[in-house]
Each structure stands twice: as structure tokens, then as C-alpha cells.
Amino acid sequence: MEHVDTIILGAGAAGLFCAGFAAARGGSVLVVDHAKRPAEKVRISGGGRCNFTNLYAEAGNYLSGNPHFAKSALARYTQWDFIDLLARYGITWHEKNPEKALGQLFCDGKSTAIVEMLLSEARAAEIRLETTLDEIAHDGTRFRLNLSGRSTTCRHLVVATGGKSIPKMGATGLGYQIATQFGLPVTDTRPGLVPLTFAPHELDWIAPLAGTAVDARVSANGTCFDEALLFTHRGLSGPSILQISNYWREGDAITVDLLPRQNAFDALKSARADNGRRQMQTALATLFPTKLAQALAEKLALTGNLADQSDKALQAIAEQLHGLPLKPTGSEGYRTAEVTLGGVDTDALSSKTMAAKSVPGLYFIGEVVDVTGWLGGYNFQWAWASAAAAGRAI
Ligand code: FDA
């Protein structure tokens, strides 16, 4: 029988980051993962450059059953703390598209620099990969785990097994099962930051536009995002769609403003004044990529030329361009989702330490918790902050 002070299940972003904090408290720490390599999502994230945090991260950028839950951890380990850590490792970074003020910070080099930094911070812990958890029991003071056939006990058990997104990369529902085993409620889970799919009648005009991107304002259920929208063979993607997917529910429509920075009515009226003989499709091509202009002219059944359109008709067209209602039939699911919405109910956890209120020594951190960030570095910031909260409390 092996004994360690702390076992951390999951050598991903949160698990590895927690290991350094927990080891600094003096006890022995074992990090266990079934994958061949640690922190694979960090490695592939941000197109290989890891969008590791966001300048503007605060609780309002997260979805959770309790919108206040993330505040404490985010305040006690901030984006500036992580930026300071990168500086100590000489990892340089840049803000993507600073003119858009989205606050998204990426490595100048490869994301593997962050993986190496996480491993270095966790160097006092043992990291055991390709190890499976076969069983857990708790006798009131200690947890007993069967790890690939080896019995190991610990006083503190940190669950950092992430969500269900991208099963091919090793995602499983283990964290939710452990929560359930110990009587903690788990809120409904669903794919988040995910492309949306459409019925054949919508795909008829969307699919031929695959690869076309435009700036758009996409809204659903009272929330809107002003970012790029990408047409795909299966539906819609791009940052604005991934963001709104967190707020969209099956059966809801989304509204797409295809000209968020222009007044379409004014633009069409002045195009009519300039040259009324222009076909509607040609007029739209001054506002949109040609293929999209053609598709919109067909979808909105626009015929004739600009001079044929009354002010009322132009106003009606403008309204459609600023508020195209579209009804997704679903999403691309966990296969491509960047995150899992829902998870271990925050009511069952301490917001200061991530400890389960009803089971001494049990902690949940990172994506397995019902806290999900927007696209743009917010999810890693939650992983770092929740990991620090638990690690400092152990
Ligand atoms: P994470 O998923 O990182 O780690 C969980 C670990 O647990 C994994 O190593 C897994 O193998 C292990 N595990 C799971 N089940 C197990 C089992 N049964 N037994 C043993 N081990 C088990 N976020 C962001 O802020 N900026 C970004 O740029 C991106 N980019 C991005 C790209 C892609 C393609 C994806 C899928 C996701 C992102 N994200 C992101 C989201 C981000 O990756 C995610 O929120 C964090 O990795 C969550 O950290 P965790 O440590 O909670 O889970």
C-alpha cells in the first residue's frame, strides 16, 4: 500500500498547476493521468500558441449556476499573476488584434513553452501517466484509490479531469462520476464554444459559402458577440458563433447582424442615389463578399435594380441584413466543442478553496466545475485560478 498526502486526478492545465501549489505546502503530491502526455489541450490550444489568459478576465465572462462563484478564485490568482509567472520563465507573449480590444494573450512562440513551465512548476510532484483509476473509496479521513491495480491512499484528493469535450484527446466524464459517487450534485452538461449546425433548407444557402468569413454581431437569449462569423459545410462557426453557442439552447433562434458597423439602410439609399441601375446583387456586393451578396440576394428574393426599391423596401432589406433570424438544429457536439458547460454544482463547493462542503479533503478544479468561460483565454484563467485556490488550501 502506497501513501501520499495529495492525489491530483488529471495532468491537464488545472491539475498540473495545482500540483506546484500543493507541493509548496510541504506534503507529497502524486498527479495521475490516463493519457500518454500531460496537458495536451494546452499544447494544441490557440492554434499551437495557447491563448493562456485574457486581460479583462472577471466573473462576468463566465457562465455558472452561481454567477458570483468564480469571483473569489479569480481575484486571488489573476491574469497578472500568470503574466508575472511567464516573465519569470522568459516566455514572451502578444495580444491578438489589439485594435479589437478583446484582451486575448497568446505566446509569441509555441504553447509547449507553457507545458514545460507547468511541468517545471510541478517538479516537486510525481506525475504518473498512462495510469487509470479503477476504484475510489473514502473511510472518513483517507481516500483509497486503485490506480492501474496499485492501491494508494491520500488525505487530499483533487479532481481535475476536465470536461467531456474532445473524447479523442482523452476527455471522459470521470470527474462527474466521482462527484456523483460522493453525493455532490452535477448540473446538466452540454457542449460549449462549438459550431452550430442547420437543417437542409438553411444549408442550401450556407454550405456553398463554406470558407467565407464576415464580421458579425450574433445574438441569442439577450446576449450578443461582435466577432467574425465563418460559413462552413455544416453550418456556422467562427468566434461569434462559438461564443453565442454557450448561450444558445436547442429550439432557440439566433439573430445575425451582418453589418454591425454600418447602417445598411443609409448604405443602400446612397448606392441608389449614386447609380440606381445597379442590380440588387451588385449593390450588396459593395457591402459583402461577392458570393455572400449573391446568396443573400437569392435568400431574400431580391430582384430588379436599386431604383426599383422604395425607401420602405430598402428599409425592409436593411432590417434583414441587421437581424437575420436563423434557427440552428444543433451543434457539432463534444467532438469539436472547446469546453463543456455545466458540471459539478458550485453550491456543493467552497468558492475560496474548491473543496467539497460535504466531503473533507475532496476538491474539484478546472473545467469539471460548473464554471465555463467565454472564448479568448478565459477558460485557462479559470483553470489557473481554481487550481491555485485549491493548491493553497491543501
Ligand atoms: P484538461 O482537459 O486540460 O485536463 C484534464 C486531464 O484529465 C487530461 O489530461 C485528461 O487526459 C485527464 N483525464 C480525463 N479523464 C481521465 C480519466 N478517466 N483518467 C485519468 N485521467 C483523465 N482555453 C483557453 O482559455 N484558451 C485557448 O486557447 C483554448 N483553446 C482550446 C482549444 C481546443 C481545441 C480545446 C478542446 C480547448 C481549448 N481551450 C482553451 C479550453 C481549455 O483547454 C480547457 O478549458 C482547459 O484545458 C481545462 O483545464 P482542465 O485542467 O480542467 O482540463
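Predicted model: local features only at pLDDT ≥ 70, side-chain atom pairs only at ≥ 80, totals over all residues.
As background, the strands of a sheet pair through backbone hydrogen bonds, either in a parallel or in an antiparallel way.

## Strand 11 and its partners

Strand 11 (residues 150–154) runs parallel to strand 1 (residues 2–3), and two bridges join them.

With strand 10 (residues 143–147), by contrast, strand 11 pairs in the antiparallel sense, over five bridges, and the bridge partner of Arg-144 in strand 11 is Thr-153. Strands 10 and 11 also form a hairpin with two residues between them, and in its turn Ser-148 has a positive phi of about 45 degrees.

## Aromatic rings

A pair of aromatic rings is described by the distance of the centres and the angle of the planes. The model contains 15 aromatic pairs. Phe-225 and Trp-374 make an edge-to-face pair, because their ring centres are 4.9 Å apart and their planes stand at 85 degrees, an angle that is over the limit of 60 degrees for this class. Since Phe-225 belongs to strand 16 while Trp-374 sits in the loop between strand 23 (372–373) and helix 13 (378–393), the pair ties together parts that are 149 residues apart in sequence.

Are the two residues of this pair buried or partly exposed? Phe-225 counts as buried because its relative accessibility is 5%, which is under the cut-off of 20%, whereas Trp-374, at 21% relative accessibility, counts as partly exposed. Elsewhere, Phe-17, Phe-21, Phe-52, Tyr-77, Phe-82, Phe-380 and Trp-384 form one aromatic cluster.

## A pocket lined in part by strand 16

The second largest pocket holds about 280 Å³ of space. It is lined by 15 residues, of which Lys-100, Ala-101, Leu-102, Asp-226 and Glu-227 are the closest to its centre. Strand 16 (residues 223–231) gives the largest share of this lining, namely three residues.

Which classes of residue make up the lining of the second largest pocket? Seven of its lining residues are nonpolar, three are polar and five are charged.

## An enclosed cavity

How many cavities of 30 Å³ or more does the model have? The count comes to one cavity, and about 30 Å³ of space lies in the largest cavity. The residues that line the largest cavity are Trp-205, Leu-229, Phe-231, Leu-236, Val-256, Leu-258, Leu-324 and Leu-326. Strand 16 and strand 19 (324–326) are the elements that give two or more residues to this lining.

By class, the lining of the largest cavity has eight nonpolar residues, with no polar and no charged ones, whereas the lining of the second largest pocket has five charged residues and three polar ones beside its seven nonpolar residues.

Technical notes: Residues numbered from 1 in each chain as written. Heavy atoms only, no water. Pairing = 2+ DSSP bridges. Helix = DSSP H or I, 4+ residues; strand = E, 2+ residues; numbered from the N terminus. 1 Å grid on protein atoms, 1.4 Å probe; cavity = no way out; pocket = protein on both sides within 12 Å on 5 of 7 lines; lining within 4 Å. Points joined across faces, edges and corners; volume = space filled by probe spheres on them. Nonpolar A, V, L, I, M, F, W, Y, C, P; charged D, E, K, R; others polar. Phe/Tyr/Trp six-rings, centres within 6.5 Å; stacked < 30°, edge-to-face > 60°. Buried < 20%, exposed > 50% of the residue type's maximum accessible area, 1.4 Å probe, protein only.
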